[in-house]
Amino acid sequence: MSKKIQAIYLWWHKPIIDQELLQSLPNLKVIANSGVGMDHLDLKLVASFGVKMANARYAVSSSTADTGMALLLASARRLVEGYHVAISSGMEYCEADFLGAEVTGATLGIIGMGNIGYKIALRAKAFEMNILYHNRRRRKEQEEQAVGATYCEKIDNLLQQADFVMVVVSLTPQTRKLIGKREMELMKPTATLINISRGAVVDQEALVTALQTGVIRAAALDVTYPEPLPRDHTLLKLKNVIITPHLGIKTDKATYMITEEAVENILAALNGLPIPNEVLPS
């Protein structure tokens with residue numbers, strides 16, 4: 001079948017795209033990814049075979065933004081801890097021990113203001129949050145005004161002011177361990193770090209130390225490195241951490257929309273038309 005295959009639809013990073021596979025598919029024209037992140041692909045290698053690449057950046061934005069806000073709220077109000085108390089046999093606790101962090105009026109710092117980051121800002125506005133953002137390129141003034149967001153040219157300014165820091169960037173060589181020991185020490189000791197991008201964007205060992213020593217209050221992670229974490233990993237034992245198994249895009253509607261977007265990209269490539277969501281090697 002190798003000579004007949006003209007397109008590949010990647011679902012959850014499968015199949016693995018390596019040189020051997022690319023060499024075996026002489027008529028391959030396009031690879032469509034089921035999501036926005038392309039860090040699992042060697043973009044330059046794929047392009048060297050004359051193969052186009054596309055992602056599904058629009059289909060995943062709403063469901064991922066919902067996940068980010070769900071993690072923020074769950075961490076702020078300590079829902080996981082509260083659940084375990086509520087179902088415990090004794091059900092004895094001191095209410096003062098479960099004081100959470102107020103979300104209304106708090107400052108949210110969004111690192112990465114693309115499609116997903118902007119939708120998070122829209123949701124945060126509804127919670128009457130003060131919104132700061134850091135991005136490679138500043139948004140248009142009318143877009144900032146629509147969500148009440150303030151641009152921070154330097155990431156340090158955002159980290160120092162935010163009560164909640166949400167990371168929404170693609171994983172690239174430049175963003176690997178973007179949030180490390182130095183960045184966490186700039187954050188408020190009452191701040192929460194939320195990561196819905198890729199696990200490797202955060203230095204996990206530095207995060208463990210920061211959570212154990214009170215450098216930051218809490219973390220909520222939909223992504224880790226690796227996924228899943230080894231069962232004896234320290235992050236799994238800390239009470240001030242919520243970890244979910246990369247749920248970002250996992251809704252029935254988002255899955256359907258992702259497939260539609262991938263098909264649209266594939267058909268465009270096969271018919272020699274501009275690919276709506278083409279991704280070029282940097």
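How many Å² does the accessible surface of the chain come to, and what share belongs to carbon and sulfur atoms? The total is about 15100 Å², and 54% of that belongs to carbon and sulfur atoms. Such areas come from the Shrake-Rupley method with a 1.4 Å probe, and for residues only the protein chains shown count as cover.

This is a predicted model: local features need pLDDT of at least 70, side-chain atom pairs count only at pLDDT 80 or more, and totals for chains, interfaces and linings use all residues. Residues are numbered from 1 along each chain as its sequence is written, and side-chain values use heavy atoms, leaving out hydrogens and water.

Start with the fold. The chain holds 10 helices and 10 strands. These are DSSP runs, numbered from the N terminus: helices are H or I with at least four residues, strands are E with at least two. The radius of gyration, taken over C-alpha atoms, is 21 Å, close to the 19 Å that the globule rule gives for 282 residues, so the chain is as compact as a globular protein of that length. That rule is 2.2 Å times the number of residues to the power 0.38. Along its principal axes, the C-alpha trace spans about 70 × 45 × 35 Å.

Now look inside. Of the 282 residues, 46% are buried, meaning under 20% relative accessible area (1.4 Å probe, protein chains only).

Next, the domains. Their bounds come from an automatic or database domain assignment. Domain 1 covers 2-59 + 250-279, and domain 2 covers 61-243. The contact (heavy atoms within 4.5 Å) takes 10 residues from domain 1 and seven residues from domain 2.

How values were computed:
Buried means under 20% relative accessible area, exposed over 50%, partly exposed in between (1.4 Å probe, protein chains only).
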